[in-house]
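Keep the 3D view open and follow along.

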Amino acid sequence: MKYIFAVLWSFVLFASAFPQVAKEKLIEMKIIEKLVRDITGRSSAEVYIAGKDRELFEALKKSKIIKITDRPKKAEFIIILTGNTDKQYSRPSFALGYLAFKNCRWCIGGLYWRKGRPQLILVKEKLEKFGIKLPEEYRFYIIREKELTR
Amino acid sequence: MTYKVHLNFFSKERVLNLIFSLVLFLFGLLVYTYIPTVEEFLKNSIIKAFISVYDEITDNALSAVKKEASGRIIYRLKTDKNLYNKTQEIFSIISGSQVKYLYIIYHDDGLYRFLIDLSKEDRAEAGEIFVPTIKEIKILSKIDKTGEKYTVYHEDSEEIGATLIKPIKENGTVKAYLFVDFSVQLIEAVKKVVHFFGILSYFVLIVSIVFIFLTAYFFIKTVYLKNKAFVDPLTKVYNRNYLNELLKFIDINSYAVILVDVDFFKKINDTFGHKVGDEVLKKVAQLLKSSIRSDEDYIFRFGGEEFLLLVKKDRNDRGQILNVVNRIFDSIRNFDFGLGDSQVRITVSAGIFNGKAKNFEDAVKKADSALYRAKREGRNRYEFYIEDADFPYLLQINELIEKREVFFEYQPVVDLNTKKIVYLEALIRLKNGKEGQWKPDKFLDTIKGTFLYSKLTKLAIEENVKLVEKYRHIKIGINLLPSDVANSSIKSILCSVDRKTAERIVLEVVETEEVASFSDITKHITQLKKAGYIIAVDDFGSGYSNFDYLLNLEMDYLKFNSGLIAEAVTNRRSERLIQMVVQFCKEFNIKTIAEFVENQQVCKKILSLNVDYGQGYYFSKPAGIEKYVDIALWETNGK
C-alpha cells in the first residue's frame with residue numbers, strides 16, 4: 001500500500017512542476033497508467049475515453065503506456081467520465097470523477113479528489129468479474145461492492 | 001621580498017573590517033546551513049500557534065456535540081438528523097478562510113468513512129469512503145494507541161497545508177476523528193515569512209563574501225603598494241620608508257648598526273657612466289644581502305651609495321659582528337665587478353656601532369662617525385665606533401658651535417714689494433672655556449664629513465660677509481673644501497651675496513682632500529668666479545695638489561704649500577719648481593702667494609723667486625680684525 005501512496009504523492013510532487021490546471025490531470029494520468037499496466041500486464045495498452053476531457057486527453061496522448069483509441073471494442077481499458085455512465089462496455093471500465101464513480105456501478109473502480117486528496121477505489125467483485133488480479137499493494141484500495149453503499 | 005615584521009598591514013580599521021566580514025559570513029553560513037531546520041522550526045512554531053487557537057475552539061465545539069449526543073456521537077450522528085444539523089450549526093463558526101475542510105471520519109472495518117462533513121465546499125456524503133494519505137494513516141494508528149491529537153503537514157499538496165486530527169472517544173476508545181484541514185494559503189504565508197529569512201541569509205552571505213573579497217583585495221593591494229613603497233627599486237633592498245616603519249617595532253640596541261659606503265663611487269659613475277654605477281650598487285647590495293642572516297638581519301639603502309645594515313647582536317657579539325663585516329669585505333673585495341672590458345675591484349668602507357644608543361639617530365650618527373674615520377684612514381676598511389674617541393668630542397664641538405663660541409683671527413697676505421695688505425685670511429677658532437681657544441687642527445678633521453662641518457662653513461661665510469660689508473676697504477679670504485663648493489646649500493649662500501661684496505672675498509679652495517671629479521669642481525668654481533668672487537687655490541704643492549687646477553681653473557691666486565716654501569730655502573728642486581710655477585702664473589696673470597714666511601731669510605728667498613705675495617709670522621701673526629681695519633695698511637690697487 002505504501003508503494004501506491006508513494007506513487008500517488010510522487011505524482012503530486014512531479015505534477016507540482018507543471019501549471020496548476022494540469023496538475024490533477026497529470027496525477028490522474030499517472031495513476032491510470034499504473035493501473036492499466038497492472039491490469040493488462042503489458043507495458044502499453046489501448047484505452048478508450050468515454051466522454052470529453054480535453055486536458056486529460058492531451059495528458060494521455062503524451063503517455064508511452066496508454067494508446068488512446070476511438071474504438072471501444074478495440075480498447076483494452078475504458079475510462080468513463082462524468083455524464084457518460086449510460087453505456088456499458090465489455091472491457092474493464094474505470095470511472096474518473098466522483099459522480100462518474102457513483103453512477104457507474106459496473107465500473108471496476110474509480111478515481112476522484114476529496115478534500116485535496118486523491119481517492120482511488122477498486123471494487124473487488126468487478127475486478128473478479130474481469131478476472132483481474134492486482135498486486136498486494138492495491139489491497140487497501142479494494143473494497144467489497146456492498147461497502148460502497150453503507 | 002617578504003617582510004619580517006608585519007608593520008601596520010593589519011591596521012585597526014582593516015582588522016575590524018575583517019572581523020565584521022567574518023562574523024557576517026559565519027552568521028550567513030550558519031543561517032544558510034540551517035535554513036531547512038530554521039524554516040521547519042519557524043513554520044511549525046507559527047502553524048502550531050495558529051492551530052492551537054482552532055484546537056481550543058474545536059474542543060469546545062466537540063464538547064458541545066458530545067453533550068448533545070450524550071456521549072454517543074457516532075451512532076447519534078448516523079441516526080439523528082437533528083443532531084446532524086445541530087453539529088453543522090455548532091461547527092459552522094469554525095469554518096473560515098484558513099480552515100479549508102472540517103469533517104469527522106470514523107473507522108469502519110478497515111475502511112475510513114465520513115461521519116459528517118462540516119466543510120463549506122467539496123462536501124462528502126455521510127458514509128462515503130475516505131482514503132487518507134499515508135502520513136495520515138500512520139498518525140491515525142498512533143492516535144488509536146495514544147488517544148492524543150496530532151498535526152500532519154502536507155508538504156506536497158497545493159490545497160491543504162496541515163491537518164489537525166483530534167480523536168473522538170467513546171468509553172475511552174477512539175471511535176472517530178475530527179479532521180481540520182488548514183488551507184495551503186496559511187502555510188504559504190508562513191513559508192513567505194520564513195523564505196524572507198532565507199533570502200536575508202543569502203543576502204548576508206553574499207554581502208559578507210563581497211566584504212571578505214574587498215578586504216582581501218585591499219589587503220593584497222596594500223601589501224603590493226607597501227612592497228613598492230618599502231623596497232628600493234634599483235637594489236631591491238629595503239629603503240628608508242621600511243626602516244622608519246621597522247623602527248617602531250624593534251629595539252635598536254638589539255642590533256649592531258653598520259654603515260657601508262662604496263669607495264670612490266662618484267669616480268665609477270663619472271668614468272663608466274650611471275648605468276654601470278647602478279649595476280655596481282645592485283651587485284654590492286646583493287653581496288651585502290648574502291653576507292647577513294636573512295631571518296634576523298636587515299639591509300637598507302640608506303643613501304646614494306650608502307647601505308645601512310642592522311645585524312642582530314648575540315650575547316658576546318663583538319666576534320659575531322666582526323664575522324659579518326669580514327664576510328662583507330671579503331665578498332666585495334673578491335668580486336669581479338667586470339666594468340667595461342677590464343677587471344674592476346670595488347672597495348667599501350664601513351662604520352660600525354655596536355654599543356648602546358639613545359635612539360636610532362644616535363646609533364647612526366655614531367656609525368657615521370666610525371665610517372668617516374674609516375674613510376679618513378684611507379678607505380677599504382672598517383672602523384668600530386669607540387665611545388671615548390670621537391663622540392664626546394663631537395658633542396663638545398657641537399655645543400661650542402651652538403653657543404656661538406666661534407670667532408675668527410685674521411692673518412694678512414702682504415704684497416712683498418709694497419708690504420701692504422692684499423687680503424686677510426680668516427682663521428676659525430673655537431672658544432673653549434677650560435682649554436682656551438681651539439685651532440682648526442684640533443677639531444676640523446673630526447667634524448669633516450658631518451653636518452657640523454657644513455654648519456661651521458656656513459657660519460664662517462656669514463660672519464665674514466658681514467665684516468666685508470662693514471669695512472668697505474678690506475678683503476677677506478675664506479677657506480673652503482672642494483666639497484663645500486659643490487655643496488648646494490653653501491653655494492646658495494655664496495650666490496646670495498651681492499656682487500660688490502663678493503668681489504672683496506677670496507675663496508681659498510683648500511686642496512687637502514681627494515676630489516672625485518675635477519670637472520665638477522671646476523664648473524662650480526667657475527660659477528662662483530662669475531658671481532664676483534676671487535678664487536685662490538690653497539696649499540699648492542701639497543700631496544693632494546693636482547695640476548688640473550693649474551690647467552683648467554681660472555684662478556686669481558695660487559698659494560704655495562708651506563712645506564714647499566720651507567723646502568725652497570734649502571732645496572734647489574723646490575726652488576726651481578716654485579720659479580717655474582711663478583713664471584707660468586705670471587703668463588696667465590695669476591698672483592702667487594707664499595705661506596710660511598716666518599723670517600727675513602724666507603722673505604728674501606721668495607722675493608728672489610718673483611713670488612708676488614707672502615703670508616706668515618714675519619709680516620704678522622693671526623690677530624683680531626681690529627688690528628687690520630686701518631685703511632693705511634691696505635694695498636689700494638692690488639688685484
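## A sheet in chain B

In what sense do strand E4 (residues 160-170) and strand E5 (residues 173-183) of chain B pair, and over how many bridges? The two strands run antiparallel, and 10 bridges hold the pairing. Strands and helices here are DSSP runs (E, at least two residues, for strands; H or I, at least four, for helices), numbered from the N terminus. Two strands count as paired if DSSP finds at least two bridges between them. For one bridge to look up, take B:Thr163, whose partner in E5(B) is B:Asp181.

Before going further, some ground rules: this is a predicted model, where local features need pLDDT of at least 70 and side-chain atom pairs count only at pLDDT 80 or more, while totals for chains, interfaces and linings use all residues. Residues are numbered from 1 along each chain as its sequence is written, chains are lettered from A and ligands numbered from 1 in the order in which they are written, and side-chain values use heavy atoms, with hydrogens and water left out.

## The rest of that sheet

Zoom out and you'll find five strands of chain B in an open antiparallel sheet, in the order E2-E1-E5-E4-E3. Strand E2 (111-117) and strand E3 (150-153) of chain B sit at the edges with a single partner strand each, so one side of each has no neighbour in the sheet. On average, neighbouring strands are turned by 30 degrees against each other, direction ignored.

Two helices pack on this sheet. Helix H4 (residues 81-92) of chain B touches strand E1 (99-108), E2 and E5 of chain B, and its direction makes about 75 degrees with that of E2(B). Helix H6 (residues 184-230) of chain B touches E4 and E5 of chain B, at about 60 degrees to the direction of E5(B). Touching means a contact, that is, heavy atoms within 4.5 Å. The axes are lines fitted to C-alpha atoms, for helices over the stretch in contact, and the angles run from 0 to 180 degrees between N-to-C directions.

Helix H9 (residues 274-291) of chain B has 18 residues, which should span 26 Å at 1.5 Å a residue; its end C-alpha atoms are 25 Å apart, which agrees. The expected span is 1.5 Å times one less than the number of residues. Buried residues in H9(B) are B:Gly277, B:Val280, B:Leu281, B:Val284, B:Ala285, B:Leu287, B:Leu288 and B:Ser291. Those buried residues fall within an arc of 165 degrees seen down the axis, so they line one face of H9(B). The arc is taken from the directions from the helix axis to the C-beta atoms. On the other side, B:Lys275 and B:Ser290 are exposed. Buried means under 20% relative accessible area, exposed over 50%, and partly exposed in between (1.4 Å probe, protein chains only).

Helix H5 (residues 134-146) of chain B has 13 residues and reaches 19 Å from first C-alpha to last, close to the expected 18 Å. B:Glu136, B:Ile137, B:Ile139, B:Leu140 and B:Ile143 are buried in H5(B). They cover an arc of only 165 degrees, which puts them on the same side of H5(B). B:Lys138 and B:Lys145 are exposed on the other side.

## Over to chain A

Chain A has six helices and seven strands, and 52% of its 150 residues count as buried. How many residues of strand E6 (residues 117-123) of chain A are buried? Seven of the seven are, so E6(A) is largely enclosed by the rest of the structure. A:Arg117, A:Gln119, A:Ile121 and A:Val123 point one way from E6(A), and A:Pro118, A:Leu120 and A:Leu122 point the other way.

Strand E5 (residues 109-114) of chain A pairs with E6(A) in the antiparallel sense over six bridges, with A:Gly109 opposite A:Leu122. Their hairpin has two residues between the strands, and A:Lys115 there takes a positive phi near 55 degrees. E6(A) also runs parallel to strand E7 (residues 142-143) of chain A, joined by two bridges, and A:Val123 stands opposite A:Ile143.

## The cysteines

The count comes to one disulfide over all chains, a disulfide being a pair of cysteine sulfur atoms within 2.5 Å. A:Cys104 and A:Cys107 form the bond, with 2.0 Å from S to S, and both are buried. The torsion about their S-S bond is about 75 degrees, so the disulfide is right-handed.
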